[in-house]
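Subject: Structure handover

Hello,

Here is the structure I promised to pass on. Please open it next to this email and follow along as you read.

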Amino acid sequence: MKSFLQKLTDELTSQYGEDLSRIQLIFPTRRAGLFFRKELATRLTRPVWAPAIFSVQDFISAYTTFTIPDPLTLRFELYKIYRKFFPGESFDRFYPWGELLIRDFDDLDRYLADPQKVFSLITDIREIDQVFALADEDMEKLKTFWKSFFDKDPSKLKTEFMNTWEHLGAIYHEFKESLSKRSIAYEGMAIRELAERFRINGAPSTDNFDAIVFAGFYALSPAEEQIIQSFLKTGKSEIIWDADAYYTDDPRQEAGSFLRDHPLVGDAFKWKEDFFSSIPKKIEMAGIPLQVGQAKYAGALVQELMKEKDFRPERTVVVIPDENLLFPVLYALPAELEDINVTMGYPLHATPVFSLFESLIALQRNCSVDKEK
């Protein structure tokens, strides 16, 4: 059995030879590109220039006219706009709300949605029914929600919700205009700009490369689809999917709906494997009552795996259901396991540094001052 990256390496070296310096590869993540480099290195018989390897985020950054800053910079920029509409809002109260707003704006742009329609006030339930064509059951739920929301006396929460929703469209447009003047953007804004530019002007020149390969993607946003489609029209690009027949051939499997129904995929696509149903699996279940016990058990399992001759750390994954288990699991892993790649996020409020600053702030807030000294 060959993995997706092994098959991809074989495909490219058989088609273009060992020298892939004029090939551009775009993966969903940087991790995929890193493991492809390792796989490619095992196949080469002589020193060659590596292909240009990008994650989709790096690929967008290479072609967009904007710079994508860190999330905190974006929140400060959004706060400047937000205060024009809500002057009394402090930054500490705005911070979690601002994170949610930027995430919503990002989704709106990735899906090329019309902001005027998205942020319009919900006033006519019949219009919603006509525009969205909801099922009867969903429509009744929506009616019940908005009826209970508006029929009662307006509370402070309802008034605040409506006031905020009413201004979201203006905040969205002013925020994007402010970012554009500084030539910066959040990721969704940059992707939308590229998609709209490529739709009008087509993809940029690809003379520096013999081929551009999009590899390992699954569900794409409409903006990403438009960008990839623009490159496919040049005749020098192709897209290689990582799919399994268990999901794509069974209409009951929701996970395969994108690959079954999307015109970008087509009927005969690379590659549809049958690993899920054909590869033997060994599943063991153990009941551990406490999180600390679960972490210790995970460490013991890894310790046992390391004793096997064919153990490969880069092919071993520990999946935890709760981010709070990250540090207990890390401490429980064997000491001789030197290289560990953590690919999940960890909340700032769960870190020791956060607890330290929280204690210092509480100390400062509750300190007493002796006026006689």
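First, a term you will need: two strands pair if DSSP finds at least two bridges between them. Keep in mind too that this is a predicted model.

**The overall picture**

The chain has 373 residues, and 34% of them count as buried. Its secondary structure comes to 17 helices and six strands. Take the contacts in the chain with a separation of 6 or more: residues 24 or more positions apart account for 72% of them.

**The sheet**

Start with the open sheet of four strands. Its order is S2-S1-S3-S4, and the pairing is parallel. Which strands stand at the edges? They are S2 and S4 (237–241). Each has a single partner strand, so one side of each is left without a neighbour in the sheet. From one strand to the next, the twist averages 20 degrees.

Now look at one pair. S1 (residues 23–27) and S2 run parallel, and four bridges join them. For isoleucine 26, the bridge partner in S2 is phenylalanine 54. Helix H2 (residues 30–43) belongs with these two strands: S1, H2 and S2 make a right-handed β-α-β unit.

Strand S2 covers residues 52–55. In a regular strand the side chains alternate between the two faces of the sheet. Which residues of S2 are on the covered face, and which on the uncovered one? Ile53 and Ser55 are on the covered face. Ala52 and Phe54 are on the uncovered face.

**Helices on the sheet**

Helix H1 (residues 4–16) lies across S1, S3 (211–217) and S4. H1 runs at about 165 degrees to S3. Helix H3 (residues 56–63) also packs on the sheet, where H3 touches S1, S2 and S3. The direction of H3 makes about 105 degrees with that of S2.

**Two helix pairs**

Two packed helices are described by the angle between their axes and the distance between the axes.

Take H1 and H2 to begin with. Their axes come within 9 Å and cross at roughly 55 degrees. An angle between 35 and 65 degrees counts as oblique, so H1 and H2 are oblique to each other. Their crossing is right-handed. On the H1 side, the contact is made by Leu5, Gln6, Leu8, Thr9, Asp10, Leu12 and Thr13. On the H2 side, the residues are Ala32, Phe35, Phe36, Glu39, Leu40 and Arg43.

Next come H3 and H11 (residues 222–232). The axes of H3 and H11 come within 13 Å and cross at roughly 70 degrees. Angles of 65 to 115 degrees count as roughly perpendicular, and H3 and H11 are therefore roughly perpendicular to each other. The crossing of H3 and H11 is left-handed. Val56, Phe59, Ile60 and Tyr63 of H3 meet Glu224, Ile227 and Phe231 of H11.

**Two loop residues with positive phi**

Leucine 112 sits in the loop between helix H5 (91–110) and helix H6 (115–118). Its phi is near 50 degrees, a positive value in a residue other than glycine. Is leucine 112 buried, partly exposed or exposed? With a relative accessible area of 28%, leucine 112 is partly exposed, because buried means under 20% and exposed over 50%.

Serine 183 is in the loop between helix H9 (156–181) and helix H10 (187–201). Phi of serine 183 is near 60 degrees, again a positive value in a residue other than glycine. Serine 183 has 38% relative accessibility, so it counts as partly exposed.

**Later in the chain**

Leucine 333 lies in the loop between helix H16 (326–332) and helix H17 (352–366). Leucine 333 is buried, because its relative accessible area is 13%. Which residues is leucine 333 in contact with, leaving aside its neighbours within four places in sequence? They are Gly299, Val302 and Ile340. Leucine 333 and valine 302 are 31 residues apart along the chain, yet 7.0 Å separates their C-alpha atoms.

Leucine 301 is in helix H15 (residues 291–305). At 40% relative accessibility, leucine 301 counts as partly exposed. Leucine 301 and proline 334 are 33 residues apart along the chain, and their C-alpha atoms are separated by 9.8 Å.

Best wishes

How values were computed. Residues numbered from 1 in each chain as written. Predicted model: local features only at pLDDT ≥ 70, side-chain atom pairs only at ≥ 80, totals over all residues. Heavy atoms only, no water. Buried < 20%, exposed > 50% of the residue type's maximum accessible area, 1.4 Å probe, protein only. Right-handed = clockwise from strand over helix to strand, strands pointing away. Axes fitted to C-alpha atoms, helices over the stretch in contact; angles between N-to-C directions. Contact = heavy atoms within 4.5 Å. Parallel < 35°, antiparallel > 145°, perpendicular 65-115°, else oblique. Left-handed = near helix turned anticlockwise from the far one by under 90°.
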